[in-house]
2 protein chains.
Amino acid sequence: MVFRLDKGGSMELCMIGVRGHNGYVFEGLKRRQDIRVVGVSAGTEEDDGTKLVTSCSQFGQSPRLYGDYLKMLDELKPDIVSVAGPFEMHAEISIQAMQRGIHVFCEKPVAISLEELARMRKVHAESRVHLTAMLGMRYDPAFYTAREKVRNGAIGTVRLISTRKSYKLGTRPAYYTQRSSYGGTIPWVGSHSIDWIPWFSGEKFRSVYAAHTTLYNNGLGELEVSAMCHFTLTDDVFASASIDYLRPGNAPTHGDNRIRVAGIDGVIEVREGNVYLINNDTEGEECVPASCSRQILEDFVDQIEGGTEPLLTAEDAFIGAEACLLARQSADECRIVEFGQTD
Amino acid sequence: MVFRLDKGGSMELCMIGVRGHNGYVFEGLKRRQDIRVVGVSAGTEEDDGTKLVTSCSQFGQSPRLYGDYLKMLDELKPDIVSVAGPFEMHAEISIQAMQRGIHVFCEKPVAISLEELARMRKVHAESRVHLTAMLGMRYDPAFYTAREKVRNGAIGTVRLISTRKSYKLGTRPAYYTQRSSYGGTIPWVGSHSIDWIPWFSGEKFRSVYAAHTTLYNNGLGELEVSAMCHFTLTDDVFASASIDYLRPGNAPTHGDNRIRVAGIDGVIEVREGNVYLINNDTEGEECVPASCSRQILEDFVDQIEGGTEPLLTAEDAFIGAEACLLARQSADECRIVEFGQTD
């Protein structure tokens, strides 16, 4: 699909929602000054959309504020919509956009139920639009660099992966306390780390066994504070995801994001923003300089224009969401869940 | 049980087997110079017992060499026997010793089948001897220190544990290539890390889901190169064990042994021999000085004499072995295995 030049060379974007990582959009705006934010909406009456207008103004954008996001899409007919509204609306908003031929840059997970996800996949397949998820950690310098190393053979065939996502709990808005509006900690906190697993290994998910618990959640209702997932992939690759809100309040960063990937020729790790590699060419464990010049929204726009092969396809976004939701199901039902049963 | 003073004040020990970590015995001999090694045996005709005599001589010991270990036990009637013979004989040798009233210091895992383990537990319960396993990593300065910190409340109630044991594959004797003589990689490599889980958390194992594979094992028959275990414990504590032989040959140490324990008030980690703690009393993550003045054989002898509460009881040794064997069963059968079904 080619960028519509009939809008005077600018790409028009609408933003929906104030609950997700709109920072990815704003970072992209800095790099692609030809993008114009034409409209914004909170996506729900519960949230205040004016803060989106304020944030946009800091980037020289003057979007029109809408209460009704559908009205906005119909009136403004943007090229792209970013979706970071109520988590339970990601799928529906994305579907509405895709049905209008609008490209979708959606917060992860793109759906919080398997039913919505299936519908989203179907609508996407029938449309001609591009979609991606805000799995921006693929663009994190350390994770990007580590994955490039793996892709270039630094550790040989991947065999075993351990991942960690640990967040500070802090205080959370009420929508985090209900599964119906939050989706669960495995999907919300775990999305990135679960996404890394097929990305680093090149293998496909086959089954998952997971556990999660709401114990010690400081009265936050249905919010799970700790979870552990165990994935089996093709070629007998095994991967774990340790997910929690147990990071102490005084930690230097909000999140402790780690991966260790062991292959037949070496081991690579990301911890505290650094990449560590050991293989038969290194002197013991070496710290690898990390960088990533790409940006997730910029890449997505480039993809729409027929340029860059993105780091993250729509299928990757769907697979990542499916893996989260099947892991959540496994944890809810205390059983091993196989992939590929729901399609 | 009180140390038999009728042997002129010395504690008499026999050593059986050359396949395990006899270093724990030799280190203990340095500290307890009143221990006399009176006899040694390879425990099997396949192995050469003379190397035990040679090693003992370096510690000023002149044991008698036996081909038949039972004959040795019957003739010498030692107070203690160390068992590090063929892995598949650990249980039988230990049982023979216990039935003769001899205390047992046994290589881990103490059994490589659930049937043997059940028999061993029964004989131990009916005897009046002490038994422990060579789970010497409880005495490692970093792990010991980290666990003391946890026991003293540095991270509050434990919620989530991730462990890692990664070894160099190198070349392996033929007995590693068959399950019947090796026992499997989860029990052999994973024993220590699986033992840490109840030790750090104070919780009991409830179920395990695990996976292991012989893929990419360099022709080493039935030896599994990578494995992942996921344990659920009481109080919804979850724990993973990542186990592999993927450590590159040029790594500075044979093993990469790690743990991360997250509690409601902090997180503690052991990596590369150091202990890192973060809680609301630390300035970000702090490195905690690590030390352990205790030694596993010395502790065991002290326990026999009615002294020190050991770091590791017979029950701990049995629980550790059971957890390894149930994890192996889970991996073999691709199903969740519950604890407490076999007793």
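How far apart do the C-alpha centres of domain 1 of chain A and domain 2 of chain A lie? I find them 27 Å apart.

I note the conventions before going on. The model is predicted, so I keep in mind that local features need pLDDT of at least 70, that side-chain atom pairs count only at pLDDT 80 or more, and that totals for chains, interfaces and linings use all residues. Residues are numbered from 1 along each chain as its sequence is written, while chains are lettered from A and ligands numbered from 1 in the order in which they are written.

**Domains.** I looked up the bounds for chain A: domain 1 covers 5–129 and domain 2 covers 137–293 + 324–338. Such bounds come from an automatic or database domain assignment. Where the two domains of chain A touch, domain 1 gives 9 residues and domain 2 gives 9 residues (contact: C-beta atoms, placed from the backbone, within 7 Å). I sorted the domain 1 side by class and got 6 nonpolar, 1 polar and 2 charged residues. Here Ala, Val, Leu, Ile, Met, Phe, Trp, Tyr, Cys and Pro count as nonpolar, Asp, Glu, Lys and Arg as charged, and the others, Gly among them, as polar.

**Symmetry.** I laid chain A on chain B: a turn of 180° and a shift of 0.0 Å along the axis give an RMSD of 0.0 Å (least squares on C-alpha atoms of residues with pLDDT of at least 70 in both copies). The two copies are therefore related as by a two-fold rotation axis. The same surface serves both, since 100% of the contact residues of chain A recur in chain B. The residue of chain A that comes closest to the axis is A:H230, with its C-alpha at 3.4 Å.

**Chain contact.** I find 39 residues from chain A and 39 residues from chain B in the contact. Elements of chain A that give two or more residues include β8 (205–213), β9 (226–233) and β10 (237–244). β7(A) gives the most, with 5 residues (strands are DSSP runs of E, at least two residues, numbered from the N terminus). The chain A side has 17 nonpolar, 16 polar and 6 charged residues.

**Sheet in chain B.** I looked up an open sheet of 6 strands, in the order β3-β2-β1-β4-β5-β6, with parallel pairing (two strands pair if DSSP finds at least two bridges between them). Its edge strands are β3 (64–66) and β6 (131–133) of chain B, each pairing on one side only. Strands β4 (residues 80–83) and β5 (residues 103–106) of chain B run parallel and are joined by 4 bridges. In β5(B), B:C106 stands opposite B:V83.
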